[in-house]
Amino acid sequence: MKMIFTLILAACAVGLPTAWAKDKRGEAATGNPEAIADGIIVPAMREKQVVGLALGVVKDGKVILRKGYGVKSLDAPGAPDADTIFFIQSLSKAVTAVGFMRLVDEGKVTLADPIGKYLPGLPKSWQKITVSQVMAHQSGIPQLDKKLPTFEEMTAAAQSLPLSFPPGTRQEYNNFNFAIVGKLIEKISGLSYVDYMKREVFDPLGMTRSGYGLEDDPNEAISYRPGTPPKPIDHRLKGGEYGIPSGHLQSTVNDLLRLYEGLRRHALFKPPTMQQMTARVQPAFTGNAWLV
């Protein structure tokens, strides 16, 4: 079976189509990869007011295209490339999940464990929620819109809030699920989240341009909100580091291609662990937490 993996990092806060071009039969299009990409990306950038992006495409395990479009910043004329650092926003969750599965692979935690086993200070109604329910956005924890400086303040403010639904009965996208995953990583490993990810994921795979706090690199892209003119987004956290695991990691196309290759060849954990990570928690659900 021929497989195509497409990775897009965009200097904006809006979504882009990630599907590769298809012909009328629904099969992957063939031909010049760059021409196909240009036909998808250029009009999408215009429509979505994207300032710049970097693209990587893998086919059958081989990188067939790396290309930058637009500019890294409205104040810098240079185009991004595969080593340009982007804030990867909610792709941070997937990278965090990879880090957590290292702990599962080592037998230090299971996906069936209740999160209260490791984080006893959580609200009482959260204690029996399983790790897998949190990671699959099926926890039922309420949406915590007010951003307080620390994880502990956030969970204290949620003590009296009811669950949005019984855990495991629905799926609802919630950033705080991965704040919990980040804290589980810290509690179980004894390291800060960023230090753990560096030691267990980034360094082993040679992801030297991934992490947090990489601002002021000369090859960094600035994120923008769409508008006339687009407005820059300040991703630097003023406290609230618990938000890094869900949406504030930084990386590059080349580093994320290294992550893809590492997962493909089982460099970080054994095949059964990979199967656990990619299996649906509830087969009846779509697996897409946006569809509730």
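Predicted model: local features only at pLDDT ≥ 70, side-chain atom pairs only at ≥ 80, totals over all residues.

Visitor: How many helices and strands does the chain have?

Guide: Helices here are DSSP runs of H or I with at least four residues, strands are E runs of at least two, and both are numbered from the N terminus. Counted that way, the chain has nine helices and seven strands.

Visitor: What share of the residues is buried?

Guide: Buried means under 20% relative accessible area, exposed means over 50%, and partly exposed is in between, with a 1.4 Å probe and protein chains only. Over the 292 residues in the chain, the buried share is 47%.

Visitor: Are H2 and H5 roughly parallel or roughly antiparallel to each other?

Guide: Axes are lines fitted to C-alpha atoms, for helices over the stretch in contact, and angles run from 0 to 180 degrees between N-to-C directions. The axes of H2 and H5 come within 10 Å and cross at roughly 30 degrees. Angles under 35 degrees count as roughly parallel, over 145 as roughly antiparallel, 65 to 115 as roughly perpendicular and the rest as oblique. H2 and H5 are therefore roughly parallel.

Visitor: Which residues of H5 make the contact with H2?

Guide: Contact means heavy atoms within 4.5 Å. H2 brings Lys93, Thr96, Ala97, Gly99, Phe100 and Leu103. Facing them from H5 are Phe178, Val181, Leu184, Ile185 and Ile188.

Visitor: And by class, what does the contact of H2 with H5 have?

Guide: Ala, Val, Leu, Ile, Met, Phe, Trp, Tyr, Cys and Pro count as nonpolar, Asp, Glu, Lys and Arg as charged, and the others, Gly among them, as polar. That puts the contact of H2 with H5 at eight nonpolar, two polar and one charged.

Visitor: What is the handedness of the crossing of H2 and H8?

Guide: Helix H2 (residues 91-105) and helix H8 (residues 253-264) pack at about 40 degrees with axes 12 Å apart, so they are oblique to each other. A crossing is left-handed if the near helix is turned anticlockwise from the far one by less than a right angle, and right-handed if clockwise. For H2 and H8, the crossing is left-handed.

Visitor: Which residues of H8 does H2 meet?

Guide: On the H2 side you have Leu91, Val95 and Val98. By class, this contact of H2 with H8 has six nonpolar, no polar and no charged residues. The H8 partners are Leu256, Leu259 and Leu263.

Visitor: Over to the rings: are Phe151 and Phe176 stacked or edge-to-face?

Guide: Rings of Phe, Tyr and Trp (its six-membered ring) pair if their centres lie within 6.5 Å; planes under 30 degrees apart count as stacked, over 60 as edge-to-face and the rest as tilted. The count comes to three aromatic pairs. With centres 5.3 Å apart and planes at 10 degrees, Phe151 and Phe176 are stacked.

Visitor: How many residues apart in sequence are the parts that Phe176 and Tyr242 tie together?

Guide: Phe176 and Tyr242 form an edge-to-face pair, 6.0 Å centre to centre with 65 degrees between the planes. Phe176 lies in helix H5, and Tyr242 sits in the loop between strand S6 (231-232) and helix H7 (244-247), so the parts tied together are apart in sequence by 66 residues.

Visitor: Which residues form one aromatic cluster?

Guide: Phe176 is buried at 6% relative accessible area, and Tyr242 counts as buried at 11%. Both belong to one aromatic cluster, formed by Trp126, Phe151, Phe176 and Tyr242.

Visitor: Where is the cis peptide bond?

Guide: Most residues other than glycine have a negative phi, and most peptide bonds are trans. Pro229 is in the loop between strand S5 (224-225) and S6. With omega about 0 degrees, the cis bond joins Thr228 and Pro229.

Visitor: What is the phi of Asp60?

Guide: Asp60 is in the loop between strand S2 (52-59) and strand S3 (62-70), and is partly exposed at 41% relative accessible area. Although Asp60 is not a glycine, its phi is positive, about 55 degrees.

Terms used
Residues numbered from 1 in each chain as written. Heavy atoms only, no water.
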